[in-house]
Amino acid sequence: VPMVAPGNVQVHVINSTLAKVHWDPVPLKTVRGHLQGYKVYYWKVQSLSRRNRRHVEKKILTFRGNKTFGMLPGLEPFSSYKLNVRVVNGKGEGPASPDKVFKTPEGVPSSPSFLKITNPTLDSLTLEWGSPTHPNGVLTSYTLKFQPINNTHELGPLVEIRIPANESSLILKNLNYSTRYKFYFNAQTSVGSGSQITEEAVTIMDE
């Protein structure tokens, strides 16, 4: 098997899901056989928004021939990763380079996990929601937009409310009675807004 590990391994993080890795080629005489390529082993150490350490699944990408760089796609935003590089000949793999740590930046969050509308009164509705399953960063706020829908399914004026990221419920007051409302709800990180969840609810007709 090859005798030495690739040196000078460098990682360039391109965005929240993609990184490029470079390495120096090993001297050909240390390959001790036919150079087939290089393998990059990489794995997620932890999410930076949650401290949960799951079973670590190592991923392997093979770059054929004498390439000295490769792309790592499909990374998770706002996470800490480690990688190493090994040279491969017909017999097997050489030793691993020292582990290199890199971090992906924040991305936009997934949609809130649920939006529930309860306790209708003549002029109010109570909203409850769950934070995104994949925050992909530090949540900065939620945005609620809503508008009335009249009997001919025309949409009325849109109202927008910013809600602090640590809230999980809200009582909406001063609504019209016996009116159907459509709600659009999403979460934000410093990067931008995630995908929205929609829901409809009706205030009651009379007491």
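Glutamate 76 is partly exposed, with a relative accessible area of 35%. In this predicted model, its side chain meets that of lysine 44 in a salt bridge, at 2.5 Å from N to O. Lysine 44, by contrast, counts as buried, because its relative accessible area is 18%, under the 20% cut-off.

**Salt bridges**
- The structure holds 6 salt bridges.
- Glutamate 93 and lysine 39 form one of them, with 3.1 Å from N to O.
- That pair spans 54 residues, from lysine 39 in strand S3 (residues 35-47) to glutamate 93 in the loop between strands S6 (79-89) and S7 (100-103).
- Glutamate 93 is partly exposed, at 25% relative accessible area.
- Another salt bridge brings together the side chains of lysine 116 and glutamate 128, at 3.6 Å from N to O.
- Here the partners sit 12 residues apart, lysine 116 in strand S8 (residues 112-118) and glutamate 128 in strand S9 (residues 125-132).
- Both are partly exposed: lysine 116 has a relative accessible area of 43% and glutamate 128 one of 28%.
- Through shared partners, salt bridges join Lys39, Arg86 and Glu93 into one network.

**The two domains**
- The protein chain is divided into domain 1 (7-104) and domain 2 (112-202).
- Their centres, taken over C-alpha atoms, are 42 Å apart.
- The contact involves 4 residues from domain 1 and 6 residues from domain 2.
- About 390 Å² is buried between the domains, with 54% of that from carbon and sulfur atoms.
- Arg50, Pro77 and Phe78 supply 79% of the area that domain 1 buries against domain 2.
- Between domain 1 and domain 2, the count of salt bridges is 0.

Note on methods
Residues are numbered from 1 along each chain as its sequence is written. This is a predicted model: local features need pLDDT of at least 70, side-chain atom pairs count only at pLDDT 80 or more; totals for chains, interfaces and linings use all residues. Side-chain values use heavy atoms; hydrogens and water are left out. Domain bounds come from an automatic or database domain assignment. Contact means heavy atoms within 4.5 Å. Buried area is the accessible area (1.4 Å probe) that two parts lose on being put together, summed over both. A salt bridge is a side-chain nitrogen of Lys or Arg within 4 Å of a carboxyl oxygen of Asp or Glu. Helices (H or I, at least four residues) and strands (E, at least two) are DSSP runs, numbered from the N terminus. Buried means under 20% relative accessible area, exposed over 50%, partly exposed in between (1.4 Å probe, protein chains only).
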